[in-house]
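Hi there,

Here is the structure I promised to pass on. My notes on its charged side chains follow below.

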Amino acid sequence: MHGICHFEFPSVDMEKSKEFYSKVFGWEFKDVGDPNYVVFSTPDGPGGGIEKADVGSGSNIKIYIEVEDIPSTLAKAEQLGGKIVKEKTLISEEHGFWGMLADPCGVQIGIWSKK
């Protein structure tokens, strides 16, 4: 009942963000008639929105997306113009691993995997 049901984050370049996230995570985008906002759905939910904004490195919302393989996701993000912020790192045996990437606009996104 209190899980994430929608999340939003800023982008300095909507088209670049849409292309990046669709290729890295398979998200599907739908324009809603406002050129400064787009909604997206994820393969397993939840979905969210991206809002056109001027952002700096300190104004990022940190979310974590579950992936099957952290190193390959980081490599794919880097190939698509993103940056690796944090390589695969153990949280604990119980809690799995995490990593961090930055999209081409500088927004940081955490990724998580059990293994």
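Glu19 and Lys23 form a salt bridge, with their closest N and O atoms 2.9 Å apart; the term stands for a side-chain nitrogen of Lys or Arg within 4 Å of a carboxyl oxygen of Asp or Glu. Both residues sit in helix α1, four residues apart, or about one turn of the helix. Helices (H or I, at least four residues) and strands (E, at least two) are DSSP runs, numbered from the N terminus. Glu19 is partly exposed at 45% relative accessibility, and Lys23 is partly exposed at 41%. On that scale, buried is under 20% relative accessible area, exposed is over 50%, and partly exposed is in between (1.4 Å probe, protein chains only).

Please keep in mind that this is a predicted model: local features need pLDDT of at least 70, side-chain atom pairs count only at pLDDT 80 or more, and totals for chains, interfaces and linings use all residues. Residues are numbered from 1 along each chain as its sequence is written, and side-chain values use heavy atoms, leaving out hydrogens and water.

In total, the structure has three salt bridges. Glu15, Lys18 and Asp31 are linked in a network of them. Lys18 pairs with Asp31 at 3.2 Å, N to O. Because Lys18 lies in helix α1 and Asp31 in strand β2 (residues 28-31), this pair ties together parts 13 residues apart in sequence. Lys18 also meets Glu15 at 3.3 Å, N to O, and these two are three residues apart in helix α1 (residues 14-25), about one helical turn. Lys18 is buried, at 14%, whereas Glu15 is exposed at 53% and Asp31 is exposed at 55%.

Best wishes
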